[in-house]
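Please open the model in your viewer and keep the selection panel at hand.

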Amino acid sequence: MLTDSERTEIEATLAHYPHRRSAASGAMRIVQRHRGFLSDEALADIGAFLGVSVEELDSRATFANMLFRHPVGRHVILICDSDCCYVMAYEQMRDHISARLGIGLGQTTPDGRFTFLPIVCLAQCDHAPAMQVDDDFHGDLTPERIDEILARYE
Amino acid sequence: MSDVETAAGGVRVGIVPAADGKRRVQVCAGTACVFAGSLKIFEAFEREIAAAGLADQVEVAIIGCHGLCSQGPLAVISGQETYYPKLKAKHVERIVKEHLVGGTIVDDLLYVEPGSGERIACWHDIPFYAQQTRIALRDVGVIHPERIEEYVARGGYAAARTVVTEKTPEWVIDEVLASGIRGRGGAGFPTGQKWKFAYSSVSDQKYLICNGDEGDPGAFMDASIMDGDPHAVIEGMIIGSYAIGARDGYIYVRAEYPLAVKRLRLAIAQAEQHGYLGDDMFGSDWSFHLKIKEGAGAFVCGEETALMASIEGRRGMPRSRPPFPAVSGLWGKPTNINNVETYANIPWIITHGAAAYAALGTEKSRGTKAFSLAGKLVNGGLAEVPIGSTIREMVYGVGGGIKDGRQFKAVQLGGPSGGCVPAALIDTPIDYESLAATGAIMGSGGMVVADDQTCMVDLARYFLQFTQNESCGKCVPCRIGTKRMLEILEAITAGQGEDGDIERLQKLAATIKRTSLCGLGQTAPNPVLTTIRYFRDEYEAHIYDGACPARACSALITYHIDPESCTGCMLCAKKCPVGAISGERKQTHVIDIEVCTKCDTCRQVCRFGAVERLTGDEVAAVSVAARRPA
Ligand SMILES: Cc1cc2nc3c(=O)[nH]c(=O)nc-3n(C[C@H](O)[C@H](O)[C@H](O)COP(=O)(O)O)c2cc1C
């Protein structure tokens, strides 16, 4: 069952569209904000409310970078792998984070502190290489700066 | 307030005086500056100004992206438009005391032009800005994006008002046609024609969409417009809605742009409150309802049919066209879709006239284009220039040349759909046709500059990996074809290339371009084809000589310490994370290549340039020399 606040937030978006199903991706983001990720149960709740099948929600959720079908850590690191960051040594930064946290892209640290994901472009190209941790941007990365930044997230 | 022409032909924007005649300190709050700490600078100004007793004379305001992002955090002081870049909190006290109270510019905090070493006080005189002509970006970095009054004070919403209350849709379409503006989202389709098609479609319901997905990696113009001047986009859409007869519209914004979403939401609410949006706009009987749709993060959703599927609530996959959106778009209704920058230009065109816009640019590509400059450039940032400016003007003029005095090798335009233009073609004008002739595209405006340390084969591999990841999987050539190309490129960069690989790549590329369903697949081979065209020798060096001329592909390089330059300072040995370097103090150090992980740390820390990366034959030459008895 959707919680009252989830339902209220989703209802507020329904007026934007002629059909209920159009609110699906927004609804998934709302529920994800409340529950951290989109479990099977979460999709069933949203599907029942909007009249959309769980399979279809699943196909949309797995299609999008910013919807999580698996539990994620307390902090999500999105490292930009776009061309600019690539030219400015993205791979070295990625390997450094991997080595520091002992996880590869798509994985979560065993203590549940970080999930490490790639992202297409954070529009910080002139501060490449760049990453985002939760809602904070970090650019002009170097291995030293990365260590400093990661230490700030408990 | 009027815009003044600068000597260089750029449009100089006048500053908005605070409503009550106060002097003003503008602090850039573009995304890049915010993460560089500009909000702390903002607070420091407020604090110091209050402490100096100036709070009722000086206002501290926030502006959208000012453009020269590499100089942030930055502030501009009204009056002489003094520009203070790279600010730290401790500088603020001096600026307040010396400049605002004492009336003298703080010389040592001014911008220094990298080439000449000259200190420049007024931002309009900085070459990066002086060489621009800002139309789409006219208010970005000038007004407070969260205050509709400031947009209105600079003439905002006058064009929409005129159109809605005095003009016919046909007049608007003719004006846009006459301006010659072409879509800025990549394909460059004439905007007036698109509007005419949508206008001619008869229906009880039409839609107008703004494409703010900006998925092209390396591009951030649209983000800067949406969060620096959201009203310009909204006003352009109002004019478009009236022209084609759409009473409902959506702005589709990337999920990764939270600031743009926030500012657009606020701007829509403000425009509604002022009666510029919603029912009976500007006291007329025209209504236009605008909503925001946040994407969920998928590159292909920027493609117009995928984008509409996503708004409808289906998975964001492209479909084949025709039917075109102008006939059957959102929910099967006639729909017009344009890019953010396209809409942002429209109010200016209406206000200044189609002829003024058409006077800029080239014969086939009128007007200006915004570019995001990034990569190995001195001045990264946001720049708008007349179409037809050359690559040289962008790289060496606006961009200030290559970082660290290195050599310009190529510029990548158009992201994964585009191509690389080599240094030899540096005088190519940047317009749709000239770029297409090089094999690259104008694209949405991302310009990524590569220097001599960028391996073009590896860059091509990177792009293929990108499209491979982002392919939605619906059509076979894109899903499987790009995978096969990627495998070949991976082999080449790993030193396992074979004779015939280049030809195999070209053959696959031709098939994928011809048979893919949407623009993603149709353009995916471009980065490979252009690098083969201009840098074939690099491909051949990888395949036949086991060498990476840029010394970037780690499988093909070996780290080595040059005994002539090594002073035996031991720094590299201390920093090596795997203990691969040995040597006594003041003795030449040696890298054990069996242990070395090629992490590049030693080369970066060496103060004497003694650590070299050898490739191809060089490796054998050194090993022979090492074995020779002393
Ligand atoms: C894979 C792919 C991604 C695209 N991404 C964008 C985008 O992020 N922003 C955009 O404006 N157009 C994008 N386009 C182009 C749109 O399909 C469409 O042509 C454009 O929004 C039309 O606006 P315009 O005429 O003002 O340029 C993309 C096209 C393809 C094939």
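Select chain B and look at its contacts, where two residues are in contact if their C-beta atoms, placed from the backbone, lie within 7 Å: among the contacts with a separation of 6 or more, 70% join residues 24 or more positions apart. This is a predicted model, in which local features need pLDDT of at least 70 and side-chain atom pairs count only at pLDDT 80 or more, while totals for chains, interfaces and linings use all residues. Residues are numbered from 1 along each chain as its sequence is written, and chains are lettered from A and ligands numbered from 1 in the order in which they are written.

Stay with chain B and colour the buried residues, meaning those with 20 or more other C-beta atoms, placed from the backbone, within 10 Å of their own; they make up 56% of its 630 residues. Along its principal axes, the C-alpha trace of chain B spans about 95 × 65 × 40 Å.

Next, select the ligand and the 23 residues around it, of which Gly183(B), Gly185(B), Gly302(B), Asn339(B) and Gly519(B) come nearest; a residue belongs here if its C-beta atom, placed from the backbone, lies within 6 Å. Which domains of chain B give residues to this shell? Domain 2 (148–357) and domain 4 (456–545) both do, so the ligand lies between them, the bounds coming from an automatic or database domain assignment.

Finally, move to chain A and select domain 1 (4–61) and domain 2 (75–151), whose C-alpha centres lie 29 Å apart.

Notes. A residue is buried if 20 or more other C-beta atoms lie within 10 Å of its own, exposed if 12 or fewer, and partly exposed in between; C-beta atoms are placed from the backbone.
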